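Have the model open while you read.

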Protein chains: 2
Amino acid sequence: MNANLKYAIIGSGAVGSYYGGKLAQSGGCDVHFLMRSDLDFVQKLGLTIRSKDGEVHLPRVNAARTTEEIGPCDVVLIALKTTANAVLPNLIPPLLKPDTLLITLQNGLGNEEFLAQHFGAERVLGGLCFVCLNRVGHGVIEHYGHGTLSIGEFGRPPQERTRRIVSDFQRSGIEASAVENLIIERWRKLVWNIPFNGLGIAARATVADVLQSDELHLSAKNLMRETIEAAGALGHAIPMDFIEFQIARSWPMGPYRSSSQIDFEAGREVEVEAIWGEPYRHAVRAGANAPRLELLYALIKRLAAMRCEAL
Amino acid sequence: MNANLKYAIIGSGAVGSYYGGKLAQSGGCDVHFLMRSDLDFVQKLGLTIRSKDGEVHLPRVNAARTTEEIGPCDVVLIALKTTANAVLPNLIPPLLKPDTLLITLQNGLGNEEFLAQHFGAERVLGGLCFVCLNRVGHGVIEHYGHGTLSIGEFGRPPQERTRRIVSDFQRSGIEASAVENLIIERWRKLVWNIPFNGLGIAARATVADVLQSDELHLSAKNLMRETIEAAGALGHAIPMDFIEFQIARSWPMGPYRSSSQIDFEAGREVEVEAIWGEPYRHAVRAGANAPRLELLYALIKRLAAMRCEAL
């Protein structure tokens, strides 16, 4: 690898634009964005990240319409919605060198497996973002809070290459870290996403709405418990006091709507299988009891399918 | 009691109009309807029950705007929505003689208790309707299928008075019966209402939609199981094969929407506490495990409250 790593950012929604934008801003690496609908705007007006700590404007970013224009990279950050994964086998090859790393920043379960199947397991990493972001316009991202990034390798502990990428993020001001066990981190993230993204859709409830309703709050905690029990049945031990930790870190989010809820309410596709379907099936296979997850998955699958039909 | 019983029908939605209309049609009793918005229409055009077996038109029915106009009765059939129960203490007294019977045909739990508290337990009966009806216009009821009526007494086995009322319904062509244990019948009805009315709202799903979706079908059956377990924990034994019986009798309903779903979709109040809240609280108090009911209640309470706010 070169002194300055070359990154491609695939998927210019909130997550790709935020983490790619931070990397680009720090100057220590060469960042290229693949863009479609935002390309003309971003080429003209740059990328903007609005945060409660202030606004970051990047007047010039490298944005391309095809991965051929970007060419081979050291690191590919994948921030597409999981429902679009089928495009990756065509999209990624022009970015690949023998040692190119693929980091999926996507939600839920099954994404590392998908990349490993198509491009080989040895180059696959996963990143867990715990961040409150929304894309509010072409090339404009609103950052509401949090922003940690945990990067791990698929099926092995972190290597030197992971630590190097983590340093790039740290230098850009992201609270990044390398994690020993990627899959347990995926389950830890699901402990939040399953209830909050799920109740966001099924109850049309913001984070604050869930926390402030006695009944939804109880169900959110019990969905967290079921998720932890499923992870435990699969050999990934998460302590039960993680529930209170997650509740505590949710209060400051206020009326935040998860990206799933925003997608749903805008009539866009929802990551039903990655966030609820796969975890539910894993729980069942492991013999865990997940009755609320069963019902929530059934509801969200139905509601998401209706929403798409209506368009 | 006289040779011909005098009935007052309180609540002229689908259930009140259907069962009251059938009684009026049979001619063996004196039936009076309390009406508000439908009064002028029904006084002019009568009452119509459309059924797959044909249409019944009652050109003249006794309809009044106040219970004072109706005066003392032998039997009061209460078919108001449970969310309107607060009006009953003012509405009912003009209908009462010392031996007037009050039969609540309302959904869910808590209605007999409410009537007993206000008018004395000894005159309280309950009726369970298993029928697919919708009110489709002023004084016009569509009957899609089923139509049984099970009548029991509050806290005691059926007396002669109950058998007499059952005969009146039977003579009018209703498949009516007296039940030994009213409360167990209430729980048996909840075995259907909790999942189908609930998923109707939470998943915007008709009966056919629930049955045809693998995931919703599974959750519906498991909600039935939880309801049966809650009833069992309270001492009301319902055999588990009742689930398959309820599923089998649901298939012919096709794209039927429960009254709760229709109310919800029309922005009207939903009987959240009678159908989900009270059964959930009973289950919890009895130590039964009801995780899906917990989540469904939380969702419906939230969705119903939002719907009312939006008006």
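Predicted model: local features only at pLDDT ≥ 70, side-chain atom pairs only at ≥ 80, totals over all residues.

## A covered helix and a chain contact

In chain A, the buried residues of helix 5 are covered by parts of the chain that include strand 6 (75–78), helix 4 (88–91), strand 7 (101–104), strand 8 (124–137) and helix 7 (182–202). Those buried residues (under 20% relative accessible area, 1.4 Å probe, protein chains only) are A:Asn111, A:Glu112, A:Phe114, A:Leu115, A:Ala116 and A:Phe119.

Residues are numbered from 1 along each chain as its sequence is written, chains are lettered from A in the order written, and side-chain values use heavy atoms, without hydrogens and water.

Now for the interface between chain B and chain A:

| Item | Value |
|---|---|
| Residues in contact (heavy atoms within 4.5 Å) | 24 from chain B, 24 from chain A |
| Buried area (accessible area lost on being put together, 1.4 Å probe, summed over both) | about 2200 Å², 62% of it on carbon and sulfur atoms |
| Salt bridges (Lys or Arg side-chain nitrogen within 4 Å of an Asp or Glu carboxyl oxygen) | six |

On the chain B side, B:Glu215, B:Leu295 and B:Arg302 lose the most area to chain A, together 26% of what that side buries. A salt bridge joins the side chains of B:Glu294 and A:Arg292, at 2.9 Å from N to O. Helix 7 (182–202), helix 9 (214–233) and helix 13 (291–310) of chain B each supply at least two residues to the side touching chain A, and helix 13 gives the most, with 12 residues. Helices here are DSSP runs of H or I with at least four residues, strands are E runs of at least two, and both are numbered from the N terminus.

Conventions. Buried area = accessible area lost by both parts, 1.4 Å probe. Buried < 20%, exposed > 50% of the residue type's maximum accessible area, 1.4 Å probe, protein only.
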